[in-house]
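Please open the model in your viewer and keep the selection panel at hand. The tour begins at the ligand and then moves on to a sheet.

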Amino acid sequence: MAAEATPAGFEHMGLDPRLLRAVAELGWATPTAIQAQAIPLALEGRDLLARARTGSGKTAAYSLPLLQHLLRAKAGPAVAQAVRALVLVPSKELGQQVVGSLRQLAAFCARDVRVADLCAQSDLDAQRPVLMEKPDVVVGTPGRVLAHLGARSLSLRSSLELLVLDEADLLLAFGFGDDIRALLCHLPKIYQALLMSATFSPDVEALNELVLHNPVRLCPPEPRLPGSCQLRQFALRCGTEEDKFLLLCALLKLGLLRGRALLFVGTLARCYRLKLFLEQFGIPACALNSELPARSRCHVITQFNRGLYDYLVATDEEVPAVPAVPSKQPPRRKRKAAAPAAQRQGKDPEYGVARGIDFQNVAAVLNFDVPTSVESYIHRVGRTARADNPGTALTLALPDEYEALARIEDALAEENGQSTLQPYKFSTEEIESLRYRCRDAMRSVTKQAVKEARLREIKEELLNSEKLKSHFEDNPRDLHVLRHDRPLHPAIVKPELRHVPDYLVPPSLRGIAKTDLKKRRRLPCSGASRRRGGSRPRGTGNPLQSFKYAQRRARRPPVPPS
Ligand code: AMP
């Protein structure tokens with residue numbers, strides 16, 4: 001997303017000086033397209049139906065008018081404290097992000113605006129005291145908000161003035177349609193509503209009919225992913241599973257992939273397989289998946305955004321298709337049918353990692369497994385090249401994934417009027433010297449090791465989750481308390497795999513690879529650049545360095561010691 005220059009800068013929108021100060025502190029010079037359109041209209045009190053993808057700056061597009069509304073409403077003498085605004089989000093992770101964003105923007109009026117995060121704790125009872133204090137804004141999933149309304153720990157009928165539905169298409173895709181409909185019965189007759197959605201599907205239109213009153217429709221001309229000068233997208237067709245692992249090993253171990261990366265896989269088992277494989281090479285990575293407790297997941301994301309980890313292996317599971325039109329069919333029944341299935345497997349149905357989360361400072365997205373749809377591809381790849389940072393996406397495909405990859409390539413080409421996914425020019429011959437080690441590492445990561453790792457991590461994270469709870473109660477500002485990238489060690493780690501001796505480094509990279517690794521570790525991630533969404537990857541903006549291979553044939557590497 002490039003913040004477009006517009007005649008209406010933030011300072012001309014009539015925003016409270018405390019909000020303008022927060023915007024300046026975040027380093028935002030100009031409003032993005034959606035902000036420029038939405039903020040003035042929302043401040044006039046209009047209902048909005050806005051098409052805005054994650055990464056477009058949509059959170060601030062509704063948060064700034066929301067905060068301004070609250071400051072105005074509370075400006076008079078002896079105004080009663082009440083829940084005036086409700087933000088509905090599709091997942092706990094996204095809720096946490098929205099809360100973080102609201103708190104950042106309200107940093108200079110924090111005493112006047114209290115934000116309640118119903119996504120942070122899983123226990124209804126634990127959230128009751130917070131709600132009893134009548135926070136100004138409540139952020140939660142429709143299911144959680146409805147549960148509180150039903151339990152009478154939250155009442156909105158006489159106080160709600162502003163309702164936001166964030167990522168409305170995902171709210172419906174995640175099966176919250178019926179909850180939203182039930183929730184509307186608890187709202188007053190008149191309130192302002194802002195609906196943000198990446199797409200205007202028929203289901204979103206149906207929701208619009210239900211929730212919005214004569215809305216202004218906003219569709220800033222924006223492609224779903226940034227252009228090729230900001231986001232470079234590559235695909236590599238691999239011959240075998242081993243080639244995939246070999247390439248990953250080379251990318252990370254030889255420092256070919258610079259900066260921090262998200263590695264997406266399709267299943268839980270693959271998530272741990274990859275984590276354990278990297279562990280074999282002494283590369284720490286955290287796992288993120290629906291089996292982990294919500295508090296740990298949110299903590300992992302926060303720590304990643306603070307620059308504590310370089311690599312995050314995320315499982316992007318298929319969202320079960322749930323018919324979503326709220327008024328015409330009984331999605332509650334369907335959702336109930338889907339949710340227990342997920343829960344039976346220990347998964348959280350409110351997990352949505354690739355979707356909508358603002359992972360900051362991500363230089364590259366690596367689709368280790370090909371996503372099953374173009375939507376899923378866009379959600380994953382949209383985690384890099386955020387705001388005005390450059391980014392790179394690389395998708396690795398096995399022969400049985402070629403078809404899915406071709407579908408994505410065709411869809412993107414059609415959408416952009418030109419081919420978008422470039423072949424990643426890479427010769428595996430150059431890295432043959434690493435194959436022996438890669439095979440060795442893969443052999444150590446047995447099915448049993450993966451199973452053990454999965455159990456161990458979940459057990460540890462459940463304990464962590466309790467520790468996090470009590471620790472944060474005492475130290476609300478301390479988020480560095482636990483790490484999530486510790487080795488799991490169910491497989492034997494061979495120390496020799498950690499170090500790549502010079503004779504295994506491809507000739508074209510000798511002298512570069514190690515220096516890069518050292519440099520990367522030193523990359524700072526602090527100050528204004530982090531506040532703006534992270535430090536810019538250095539150099540060309542393309543963290544993937546193709547080998548200079550074309551003219552020369554690789555020297556045969558010496559046979560590695562057995
Ligand atoms: P969102 O689409 O709300 O998830 O925002 C995506 C990213 O853009 C976040 O990291 C924001 O901090 C950043 N952002 C939001 N508004 C602006 C702006 N006007 N200028 C630069 N970055 C922004």
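Select the residues around the ligand, and colour them by class: the shell divides into five nonpolar, eight polar and three charged residues, where Ala, Val, Leu, Ile, Met, Phe, Trp, Tyr, Cys and Pro count as nonpolar, Asp, Glu, Lys and Arg as charged, and the others, Gly among them, as polar. Before going further, note that this is a predicted model, in which local features need pLDDT of at least 70 and side-chain atom pairs count only at pLDDT 80 or more, while totals for chains, interfaces and linings use all residues. Residues are numbered from 1 along each chain as its sequence is written, and side-chain values use heavy atoms, with hydrogens and water left out.

In total, 16 residues surround the ligand, the closest being Q35, G55, G57, T59 and D358; a residue is counted here if one of its heavy atoms lies within 4 Å of the ligand. Colour by domain next, and the shell is seen to draw at least three residues from each of domain 1 (10-218) and domain 2 (231-316 + 352-445 + 491-509), with bounds that come from an automatic or database domain assignment.

Now show the polar contacts, meaning pairs of N or O atoms within 3.5 Å. At T30, a polar backbone atom is 2.8 Å from a nitrogen atom of the ligand. At G57, a backbone N or O atom lies 2.8 Å from an oxygen atom of the ligand, and at T59 a polar side-chain atom lies 2.5 Å from an oxygen atom of the ligand. The protein covers 94% of the 500 Å² of accessible area that the ligand has on its own, as given by the Shrake-Rupley method with a 1.4 Å probe.

Move on to the open sheet of seven strands, ordered β10-β11-β9-β12-β13-β8-β14 with parallel pairing; strands are DSSP runs of E of at least two residues, numbered from the N terminus, and two of them pair if DSSP finds at least two bridges between them. Its edge strands are β10 (286-288) and β14 (422-423), each of which pairs on one side only.

Which strand pairs with β9 (residues 261-265) over five bridges? That strand is β11 (residues 311-315), in the parallel sense, with Y311 as the bridge partner of A261 and T315 as that of V265. With β10, β11 pairs over three bridges, also in the parallel sense, and L288 stands opposite A314.

Definitions and conventions. A polar contact is a pair of N or O atoms within 3.5 Å; within protein, one must be able to donate a hydrogen and the other to accept it, and residues adjacent in sequence count only if both atoms are side-chain atoms. Helices (H or I, at least four residues) and strands (E, at least two) are DSSP runs, numbered from the N terminus.
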